[in-house]
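Subject: Structure handover and notes

Hello,

Please find the structure below, followed by my notes on it. Could you look through them before you set anything up?

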Amino acid sequence: MKKLALAGLLAVGLTACSSEEPQVLNLYNWSEYMPQQVLERFTDETGIRVVYTTYDSNEAMYARLKLLDDSAAYDLAVPSTYYVSKMRQEDLLMPIDRSKIEGFDKLDPELVNLGIDPENQYSIPYLWGTTGLAVDTADVGGEVTAWEDLWDKRFAGRVMLTNDMREVFHMGLRVLGYSGNSTDPDEIRQAYEKLSELMPSVRTFNSDAPRMPYLEGETDVGMIWNGEAVMAREVMPKLQYVYPDEGVIAWMDSFVIPKNAENPEAAHKFINFVLQPEISALISEDIGYATPNLAARDLLDKSVSNNRASYPNATDMINAEFQQDIGDDALQVYAKYWEKLKSGQ
Amino acid sequence: MRMASGLQQPFRNAVLILVWSWLLLLVLVPNLLVIAASVMTRDAGSFLSLPLTLDAYRQLLNPLYLEVFLQSLYMAVMTTLVCLLIGYPFAWSLSLMGPRARILLIFLLIVPFWTNSLVRTYALKLILATNGLLNQGLMNLGLINEPLRLLYTEGAVIIGLVYLLLPFMILPLYSVFEDLRKELLMASHDLGAGPLATFVHVIIPLTLPGILAGVMLVLLPAMGLFFVPDILGGSRNLLVGNVIKNQFLDARNWPFGAAASIFLTLAMAFLMFAHRLSKRRIGEEGA
């Protein structure tokens, strides 16, 4: 027993020592959503090491954060709009100390103080983007201009959808002329029926790196995030990003600090670091999504700021709809049909 | 032994305590938690809540899940058959080789385990893709004109599962082949049996325990390796493991996810029970 106690003491001693090690920021983010360069520069400037952990869906991120709530596994996460409001309402987030944040006033006024987080007490916009159509013009003849075109039989086995329940249903609902944020069970059921007609054509779902099935030559047409399309075009110029007639799906991802974060200080520093116009511009140029930072937009290379895939013009955004929080009841209805859809019923 | 036991007593106790606390903490408690979760009510805010209910098990009866289970079983059975067809001759020839070649081959069989299976599955993706290594190789050789559609199909999932699970088929088979005594084969030959008769009546029955052990080690994990269909599978190639993972991470229906994993555990227990029964029968026949 004495020896056991000794071992215990030793363990305590070891953990005590570890607090003197360099600081660590545990960043929980979408995969390929932050250039390595930025992380390295942050570490060089502040001495804080960044541990980058990834997720491929808001649902997975939420479940992990909620589950690890008490163990303070993450200091910073990047949920999409509707999850910001969900997590804020469930008291999972720590208020952001605006006195430690510089450059908030340079953010696009249209992208702050939204319904998801009025006053932006808990979230700071990181990037925004759209989910639209990808068309491999090398293999697809004829025009593809609308979501509806995916239902064309000539694309059998060549269609890819994102592995994202809300996005796929958003498309289904828009094709039927409903809002992509519908909470009406009947409309959701109709969207499910419409989508199940598409399923035989669907080769795969991917939200890990949605550009990959196009680059691998496995799929020719389907859904893609605009930044992924920009990245894909660097190696595959024939891949086009199309704003569908029914309206593109728009979203924004924001930094939030989980309530029990171990190192909120580092999280604030990181947000601050990213908000610098130069860094925001670098991120947008590197991964192809649009920065909400107006000061950064002026610094962008012309080839980036004129790229309609990253920075849509007004006509591109006709019919576009921002994703919103739809509440748990509607989410359950979506989840039920999503499962049916994916198991091929 | 008795003389030494006085000295070894504390050591033995320590080992026993370690083993038991290991089993208690990492096997019994988690399983009890899963059982507890499966009889609770889904809760949007805190994952689980009271009252206790059997709803999750009732949900399992939904034909939707029966279909997923059957499809999953089909892919697992195919995987097992392919593993057996490759593993059996492999293990046999392994047992016939000289000690050096044998050690080298077993070493090569185990080396891939040093790399994370997820990474190896991604590597497989690069090989199977339309413009991947396999298709390019076949096209350069002039064997095919059009690239084969391999990735994101049921076939790709089975290839992935076979690749990951083959060693688990070979190793138990190898151990029974190693024990297979040459005298028995010679006796069979002397008594007038041809190669086929010897194979069917002598070799197969003697290696049956290895076959059964290999089948169990492949069939059951094959139903649970959710990341293989996630990476290699098409839009509809689901394993039971995918359903369980989706319930925990995406749909947040923990009771149902827990009930599904208990169902899988019971299926596993049932197979092990059947394995034991058949082993006893083989033992009796042998005697």
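A:N113 sits in the loop between β4 and β5 of chain A (helices, H or I of at least four residues, and strands, E of at least two, are DSSP runs numbered from the N terminus). The phi of A:N113 is near 55 degrees, a positive value in a residue other than glycine. With 12 C-beta neighbours inside 10 Å, A:N113 counts as exposed. The burial classes work as follows: a residue is buried if 20 or more other C-beta atoms lie within 10 Å of its own, exposed if 12 or fewer, and partly exposed in between, with C-beta atoms placed from the backbone.

A:E32 is another non-glycine residue with a positive phi, of about 55 degrees. A:E32 belongs to the loop between β1 (24-30) and α2 (36-46) of chain A. A:E32 is partly exposed, because 16 other C-beta atoms lie within 10 Å.

Conventions and confidence

This is a predicted model, in which local features need pLDDT of at least 70 and side-chain atom pairs count only at pLDDT 80 or more, while totals for chains, interfaces and linings use all residues. Residues are numbered from 1 along each chain as its sequence is written, and chains are lettered from A and ligands numbered from 1 in the order in which they are written.

The mean pLDDT (the predictor's confidence in each residue, from 0 to 100) of chain A is 88, and 93% of the residues of chain A reach 70 or more. Residues 1-19 of chain A have pLDDT below 50, and this stretch has zero contacts in the model beyond near neighbours in sequence. A contact here means that the C-beta atoms of two residues, placed from the backbone, lie within 7 Å.

Chain A overall

Chain A contains 13 helices and eleven strands. The radius of gyration of chain A, 22 Å, is close to the 20 Å that the globule rule gives for 345 residues, so chain A is as compact as a globular protein of that length. That radius is taken over C-alpha atoms, and the rule is 2.2 Å times the number of residues to the power 0.38. Along the principal axes, the C-alpha atoms of chain A fill a box of roughly 75 × 50 × 40 Å. Of the 345 residues in chain A, 48% are buried. Among contacts in chain A between residues at least 6 apart in sequence, 75% join residues at least 24 apart.

Domains of chain A

Chain A is assigned domain 1 (2-127 + 252-305) and domain 2 (129-250 + 315-342); the bounds come from an automatic or database domain assignment. Taken over C-alpha atoms, the centres of domain 1 and domain 2 of chain A are 28 Å apart. Each domain of chain A gives 15 residues to the contact between them. On the side of domain 1 of chain A that touches domain 2 of chain A, helix α4 (residues 81-89) of chain A gives the largest share, four residues. The residues on that side of domain 1 of chain A are six nonpolar, six polar and three charged. Here Ala, Val, Leu, Ile, Met, Phe, Trp, Tyr, Cys and Pro count as nonpolar, Asp, Glu, Lys and Arg as charged, and the others, Gly among them, as polar.

Why is α4(A) described as largely enclosed by the rest of the structure? Eight of the nine residues of α4(A) are buried, among them A:Y82, A:K86 and A:R88. The buried residues of α4(A) pack against elements of chain A including α3 (58-67), β5 (123-136) and β10 (249-258). Just after α4(A), A:D91 takes a positive phi of about 65 degrees.

Strand β8 of chain A

In strand β8 (residues 221-225) of chain A, five of five residues are buried. β8(A) pairs with β5(A) in the antiparallel sense over five bridges, with A:L133 opposite A:M223. β8(A) runs parallel to strand β6 (residues 159-161) of chain A, and two bridges join them; A:V159 stands opposite A:V221. Pairing requires at least two DSSP bridges between the strands.

Chain B

Between the chains, 19 residues of chain B are in contact with 21 residues of chain A. On the chain B side, α3(B) gives the most, with three residues. That side divides into ten nonpolar, five polar and four charged residues.

Regards
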